[in-house]
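Hi there,

Here is the structure I promised to pass on to you. Have a look at it first, and then read my notes below.

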Amino acid sequence: MSGRLDGKVCVVTGTGGGIGRAIAQLFAREGAEVVGCDIDELAGAETVRMVEEQGGVMVSLQPCDLTQADRCADLVKIALDRFGRIDVLCNSAAKAYFNWIEDISHAEWTRNLDEELTLVFLLTQAAWPSLRQSKGVVVNLASVTAWATFPAMAALAHSTAKAGVVAMTRHLAMEGAADGIRANSVSPGIIETSQTKAQLADQDWTGRMLERCLLKRVGQPGEIANVALFLASDESSYVNGTDIHADGGSLA
Ligand SMILES: NC(=O)c1ccc[n+]([C@@H]2O[C@H](COP(=O)([O-])OP(=O)(O)OC[C@H]3O[C@@H](n4cnc5c(N)ncnc54)[C@H](O)[C@@H]3O)[C@@H](O)[C@H]2O)c1
């Protein structure tokens with residue numbers, strides 16, 4: 001443990017998923033007390049087991065559907081009851097739905113916005129008073145699809161939601177500045193997780209997605225967790241209202 005987050009209470013969402021789990025594990029290794037959550041009960045509990053096995057401190061709420069404001073309030077309460085403060089909020093939980101404009105239904109469009117964008121707003125709003133007290137940090141998971149289109153990906157709703165996450169982050173940085181709150185996002189390229197696993201099995205699709213990736217490979221969850229760690233720690237004290245592309249050079 002090198003202690004880059006020593007003494008910090010970090011709420012991380014979607015800790016049952018690939019990137020959220022890697023963030024929970026890394027933050028715990030760096031000395032954070034981690035408060036996780038996931039809508040997937042088994043996956044969320046498994047991450048707690050993994051963090052405890054490595055000697056870390058973590059509590060977690062699952063199942064927890066972050067599209068519900070009362071569940072966001074429950075999660076904040078758990079953090080405050082157990083650790084008394086929130087220093088870092090890392091919003092990783094999301095579920096995307098992929099369809100072209102002529103095929104997507106209004107219901108699917110709304111579901112995508114709820115499950116990728118509104119849940120970030122709801123939990124950030126619930127945690128905001130605590131972040132003001134601690135002069136805390138928000139780290140949001142956006143996406144390269146917020147910045148570019150990929151012909152192999154029917155990401156109409158997904159890219160719209162992630163562009164919203166980038167814009168929300170910028171706004172939060174402005175609104176939080178007077179209270180010492182920083183907010184930044186990280187935009188991953190294609191990362192090997194449960195969300196991409198099925199599509200990555202299609203080599204033709206993967207090849208098309210990697211056409212503009214300078215590194216010519218998919219990323220690993222730990223490579224995104226490293227960026228989240230920098231943004232969560234005091235090392236990024238002068239980084240605010242911005243987005244870091246962690247995409248192997250896909251946007252270069
Ligand atoms: N994997 C990629 O290629 C990639 C690329 C760009 C951005 N991202 C972003 O990174 C973040 C993490 O993605 P991942 O690849 O680890 O996906 P993942 O599916 O492995 O993990 C996401 C987790 O969030 C949980 N979740 C979904 N909706 C929820 C809700 N309403 N309430 C609580 N939990 C919920 C899921 O159960 C899952 O465990 C997401 O915001 C995603 O959009 C991923």
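Strand 5 (137-141), helix 5 and strand 6 (182-188) form a β-α-β unit that is right-handed. A crossover gets that name if, with the strands pointing away from the viewer, the path from the first strand over the helix to the second runs clockwise. Helices (H or I, at least four residues) and strands (E, at least two) are DSSP runs, numbered from the N terminus.

Before going further, please keep in mind that this is a predicted model: local features need pLDDT of at least 70, side-chain atom pairs count only at pLDDT 80 or more, and totals for chains, interfaces and linings use all residues. Residues are numbered from 1 along each chain as its sequence is written.

Back to that unit. Strands 5 and 6 run parallel and are joined by 5 bridges; two strands pair if DSSP finds at least two bridges between them. If you look at Asn140, you will find Ser185 of strand 6 opposite. On to the next pairing: strand 6 is also parallel to strand 7 (243-246), over 4 bridges, and here Val186 stands opposite Ile244.

How many residues of strand 6 are buried? The count is 7 of the 7, so strand 6 is largely enclosed by the rest of the structure. Buried means that 20 or more other C-beta atoms lie within 10 Å of a residue's own, exposed means 12 or fewer, and partly exposed is in between, with C-beta atoms placed from the backbone. One side of strand 6 carries Arg182, Asn184, Val186 and Pro188, and the other carries Ala183, Ser185 and Ser187.

Helix 5 (residues 156-176) has 21 residues and spans 30 Å from its first C-alpha to its last, close to the 30 Å expected at 1.5 Å a residue. That expected span is 1.5 Å times one less than the number of residues. Among its buried residues are Ala161, Val165, Met168 and Leu172. The buried residues of helix 5 pack against helix 4, strand 5, strand 6 and strand 7.

Strand 1 runs parallel to strand 2 (residues 33-37), with 3 bridges joining them, and Val9 stands opposite Glu33.

Strand 2 has 5 of its 5 residues buried, so strand 2 is largely enclosed by the rest of the structure. Its pairing with strand 3 (residues 57-61) is parallel, over 5 bridges, and Gly36 is partnered by Ser60. The chain goes from strand 2 to strand 3 through helix 2 (residues 41-53), and this β-α-β crossover is right-handed.

Around it are 30 residues, the closest being Gly14, Gly17, Ile19, Ala94 and Thr193. A residue is near a molecule if its C-beta atom, placed from the backbone, lies within 6 Å of it. Helix 1 (18-29) and helix 4 (106-134) are the elements that give two or more residues to this shell, and the largest share, 3 residues, comes from helix 1. By class, the shell has 13 nonpolar, 12 polar and 5 charged residues. Here Ala, Val, Leu, Ile, Met, Phe, Trp, Tyr, Cys and Pro count as nonpolar, Asp, Glu, Lys and Arg as charged, and the others, Gly among them, as polar.

Finally, take a look at Arg132, in helix 4. Is Arg132 buried or partly exposed? It counts as partly exposed, because it has 14 C-beta neighbours inside 10 Å. Leaving aside neighbours within four places in sequence, Arg132 is in contact (C-beta atoms, placed from the backbone, within 7 Å) with Asp179 and Ile181.

Enjoy exploring!

Key
Contact = placed C-beta atoms within 7 Å.
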